[in-house]
Amino acid sequence: MRKSLNLLISIGIPLLILILPQSVFPFENFTIIEQRVVAIFFLAALFWVLEPIPIYATSVLIIVLELIMLTESSFILFQDNGNTEHFGIYLSYKEIMGTFASPIIMLFLGGFFLAMSATKYRLDQNLARVLLKPFGKNPKMVMLGLMSITAIFSMFMSNTATTAMMLSILTPVLAVFTPNDKGKVAFALAIPVAANIGGIGTPIGTPPNAIALKYLIGEDLITFSQWMGFGIPFVIILLLFAWVLLAVLFPIETKEINLDIKGKFLKSQKAIIVYITFSITILLWLTDFIHGMNSYVVALIPVAVFSALSIINKEDLKKLSWDVLWLVSGGIALGIALEKSGLALTAVESIPFENFPPLLIVVAASVLSLTMANFMSNTATANLLLPIIAALGTSLSSLDDIGGNKMLILAVTFAASMGMALPISTPPNALAHATGLIQTNQMTKVGLIVGLSGVLLTYLMLYIMNLINFF
Amino acid sequence: MEKLYIICVDDQREVLSTIAKDLSVFENDLTIEECESAAEAEELIDEIDSEGNFVAMIISDHVMPGKSGVEFLSDVNKDDRFPNTQKILLTGLATHQDTIAAINSASINQYLEKPWNKEELIKSVKKLLTQFILKTGLDYQKYPTLTDQETLFEILKKHG
């Protein structure tokens, strides 16, 4: 019942927008194409919030609807018959289809190949074992160790896969805790919190970052190494804060923890190739200013190496997270439609943002992003907000003094990764909640505090970046 | 290229050599190893795995001194280093309870009773090797002697 109602709303409202007369819309020179983009945008927003179909399916739906309704190759009834005054300009169907293979997608594909090979040749498990050793047996230190490793891994692997791996390491340890020990909650929450935070550290850490890169072009360009230059310090500070917070909120009674991760580093030829390729790729990402290859080009190197040497074979290929790639593609396609149809600019210009204090705009945009990300997918949040934010950032000269478009996009992107107050906020949260060790209100408390502090810390970071003339 | 292994486990030497002899048809493309106890087999599969090679199949007896066959296969089943390893229980002395455990916790792929029929053993092994090769994503065209046409078609028509 609820499901069919959701579906009805998600389809009904966009349809209504589509059939309304053009004069209803409060924009000057409003075109038919723009009206269709509004309808598709509302459809995307409603589908991503209410989820009548899986979120990646919504992305595919967006792309197909754009092709049918907005391009020079659209369905005959949607084509310009010459009788309409304000039809607008067609989008290029090649550009819409090209989103499936946009550089952003290739960057993620490269990341997937690295992550998959690391898992297949147990680099992740073995690194976790070695890196955890120095943290000893003191529960608080072990927790810090687990959080650091989770954060580091989630910078290069999917936050979900990292969480699943770390939780499986953690589960046998938590079994020896006494039933009333609140430390269990601290540990079970530490993993998803660290995974959510860690994703911010690199452009490939989490999809919202990659989507942001799509809008950070031209003079707003941010390279892989630059991103890590501000991302990593941010992750470290927020991670330490979260660690202290968890330790204070949920004191650990257990005196000693023994983490026993089995295994040894594989020394087969293929395993060694994986180690080398992994290191070289990261090194190339960090040194783009020396060798000239941008991060997208570098990302395809592991894809070629691992395919050629059968390290990732065709069975592995089938197991790639195509859904994540499609989710991002749909977002890019939505962005293209908003931008190329002119709607993003039209919408932004129809509201007199110049009259608002620029700081208020930054705060409002990031709080909106944080709020949305708590209730829906972080990626979908970025998909919906960033095209409009980018149009706002480029058109608003009042922002220039505090960092301009670049600053605004970063504020919104970071805020999108701070949505972690509910089990549904992110897949890591859902996984941790499914362990049964955490109550929703405990997760919400920690998620809200960490999320809000993260947004405040973002402001501080952007302020400092502006001081040192980064923007 | 990685090597494939079949591990045979039985506490009786003569049984082991009979199995190995029966399976010698496969020997051009894989290595057959004989172990007299679960402990020995555990050490061996650990070594094969760390060299980056594949434990394609384990054929184990059940009643043995030390760890039983079903216990051993259950451990292998839980071990994420061997997700696709095919498991055959070859025994004459399993109780009803053992058989239940073999299916439920060891997820064995085939149950063969002693004394076994050579043709039947070869056929089962071939069928399971085909599944191992396809599940692992190895190139089945490189192993014509190890793959069973019927199983190959069956899997390929579903998954390409």
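In chain A, 82% of the contacts between residues at least 6 apart in sequence join residues at least 24 apart, where two residues are in contact if their C-beta atoms, placed from the backbone, lie within 7 Å. In chain B the corresponding share, again among contacts between residues at least 6 apart in sequence, is 63%. The model is predicted, and therefore local features need a pLDDT of at least 70 and side-chain atom pairs count only at pLDDT 80 or more, while totals for chains, interfaces and linings use all residues. Residues are numbered from 1 along each chain as its sequence is written, and chains are lettered from A and ligands numbered from 1 in the order in which they are written.

**Chain A: overall form**

- Chain A holds 22 helices and zero strands; here helices (H or I, at least four residues) and strands (E, at least two) are DSSP runs, numbered from the N terminus.
- For its 471 residues a compact globule would have a radius of gyration near 23 Å, and the 23 Å of chain A agrees with this; the radius is taken over C-alpha atoms, and the globule rule is 2.2 Å times the number of residues to the power 0.38.
- The C-alpha trace of chain A spans about 75 × 55 × 50 Å along its principal axes.
- Of the 471 residues in chain A, 49% are buried, a residue being buried if 20 or more other C-beta atoms lie within 10 Å of its own, exposed if 12 or fewer, and partly exposed in between, with C-beta atoms placed from the backbone.

**Chain A: domains**

- Chain A is divided into domain 1, made of 1-98 + 322-348, and domain 2, covering 103-318, with bounds that come from an automatic or database domain assignment.
- The C-alpha centres of domain 1 of chain A and domain 2 of chain A are 36 Å apart, and the contact between these domains takes eight residues from domain 1 and eight residues from domain 2.
- On the side of domain 1 of chain A that touches domain 2 of chain A, five residues are nonpolar, three are polar and none is charged; Ala, Val, Leu, Ile, Met, Phe, Trp, Tyr, Cys and Pro count as nonpolar, Asp, Glu, Lys and Arg as charged, and the others, Gly among them, as polar.

**Where the chains meet**

- Eleven residues of chain A are in contact with six residues of chain B, and the side of chain B that touches chain A has no nonpolar, four polar and two charged residues.

**Chain B: overall form**

- Chain B has six helices and five strands, which follow the pattern β-α-β-α-β-α-β-α-β-α-α along the sequence.
- The radius of gyration of chain B is 15 Å, close to the 15 Å that the globule rule gives for 160 residues, so chain B is as compact as a globular protein of that length.
- The C-alpha atoms of chain B fill a box of roughly 40 × 30 × 30 Å along the principal axes, and 35% of the 160 residues of chain B count as buried.

**Chain B: strands and crossovers**

- Strand β3 (residues 54-60) of chain B is mostly covered, with six of its seven residues buried.
- Strand β1 (residues 4-9) of chain B runs parallel to β3(B) and is joined to it by six bridges, two strands being paired if DSSP finds at least two bridges between them; Val9(B) has Ser60(B) in β3(B) as its bridge partner.
- Four bridges join β3(B) to the parallel strand β4 (residues 86-91) of chain B, where Ile88(B) stands opposite Ile59(B).
- From β3(B) the chain crosses through helix α3 (residues 69-78) of chain B to β4(B) in a right-handed β-α-β crossover, right-handed meaning that, with the strands pointing away from the viewer, the path from the first strand over the helix to the second runs clockwise.
- β4(B) and β5(B) run parallel and are joined by four bridges, Thr91(B) standing opposite Glu113(B) in β5(B).
- A right-handed β-α-β unit is made by β4(B), helix α4 (residues 96-104) of chain B and β5(B).

**Backbone details**

- Most residues other than glycine have a negative phi, and most peptide bonds are trans.
- Asn29(A), which is not a glycine, has a positive phi of about 50 degrees; Asn29(A) lies in the loop between α1 (2-19) and α2 (32-50) of chain A and counts as exposed because it has 10 C-beta neighbours inside 10 Å.
- Glu51(A), not a glycine either, has a positive phi of about 50 degrees; Glu51(A) is in the loop between α2 and α3 (55-70) of chain A and, with 18 C-beta neighbours inside 10 Å, counts as partly exposed.
- Lys114(B) and Pro115(B) are joined by a cis peptide bond with an omega of about -5 degrees, and Pro115(B) has its place in the loop between β5 (110-113) and α5 (118-136) of chain B.
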